[in-house]
Amino acid sequence: MLYRLLADATAATHFAFVAYVVVGGFLAWRFPRTIWLHLVAAGWGFSTIVLGFDCPLTHGENWARERAGQARLPSSGFIDHYITGVLYPEDALGLVRLLAAVLVGVSWIGYVRVRQQRSVAPVRRNALG
């Protein structure tokens with residue numbers, strides 16, 4: 001039972017990571033220091049797709065699944081098992097990847113613009129000021 005919970009928690013963490021890769025740059029508009037974390041996360045996320053790096057979360061989930069008596073994820077990995085064909089059709093994979101990359105790019109461009117606007121905004125003084 002504990003290993004099954006661990007496998008489920010790892011899958012939930014994986015979902016959160018994938019979501020953060022796609023939209024985390026928008027969080028940096030409000031929390032600017034998080035841009036560095038997003039750069040690393042997006043770099044890792046895209047490298048798993050482009051360069052075929054293995055994700056340690058997939059290995060962790062497989063480890064826990066085996067100990068829980070469950071089947072491992074397919075060799076195609078987490079996204080193919082849980083997302084492709086479930087949230088979008090399999091033949092839309094290329095389009096979904098492109099849209100994810102565009103969202104990341106837009107979030108980074110927006111981050112730069114928000115930072116520029118904040119740096120040139122006039123200093124506000126309070127009423128006593």
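Tutor: What follows covers aromatic pairs, a nonpolar patch and salt bridges.

Student: What kind of model is this, and how are residues numbered?

Tutor: This is a predicted model, where local features need pLDDT of at least 70, side-chain atom pairs count only at pLDDT 80 or more, and totals for chains, interfaces and linings use all residues. Residues are numbered from 1 along each chain as its sequence is written, and side-chain values use heavy atoms, with hydrogens and water left out.

Student: How many aromatic pairs are there?

Tutor: The structure holds 6 (ring centres of Phe, Tyr and Trp within 6.5 Å, taking the six-membered ring of Trp; planes under 30 degrees apart are stacked, over 60 edge-to-face, the rest tilted). One of them is Phe15 with Phe78, edge-to-face, at 4.9 Å centre to centre and 70° between the planes.

Student: Where in the chain do those two sit?

Tutor: Phe15 is in helix H1 (residues 2-30) and Phe78 in helix H4 (residues 78-82), 63 residues apart. Helices here are DSSP runs of H or I, at least four residues, numbered from the N terminus. Phe15, Phe78 and Tyr82 form one aromatic cluster.

Student: Is Phe78 buried or exposed?

Tutor: Phe78 is buried, at 3% relative accessible area, whereas Phe15 is partly exposed at 35%. Buried means under 20%, exposed over 50%, and partly exposed in between, with a 1.4 Å probe and protein chains only.

Student: Which residues make the nonpolar patch?

Tutor: Trp44, Ile49, Val50, Leu51, Phe53 and Ile79 make a patch of about 540 Å². Patch residues have over 30% relative accessible area and no salt bridge; nonpolar side chains are joined within 5 Å, like charges within 9 Å. Areas come from the Shrake-Rupley method with a 1.4 Å probe. Helix H2 (residues 35-50) gives the most, with 3 residues.

Student: And where is Phe53?

Tutor: Phe53 lies in the loop between H2 and helix H3 (56-67), and is partly exposed at 41%.

Student: Switching to charges: how many salt bridges?

Tutor: The search finds 4 (a side-chain nitrogen of Lys or Arg within 4 Å of a carboxyl oxygen of Asp or Glu). Among them is Asp8 with Arg4, at 3.9 Å, N to O. Both lie in helix H1, 4 residues apart, about one turn of the helix.

Student: What does Glu66 pair with?

Tutor: Glu66 forms a salt bridge with Arg67 at 3.9 Å and with Arg72 at 2.8 Å. Shared partners join Glu66, Arg67 and Arg72 into one network.
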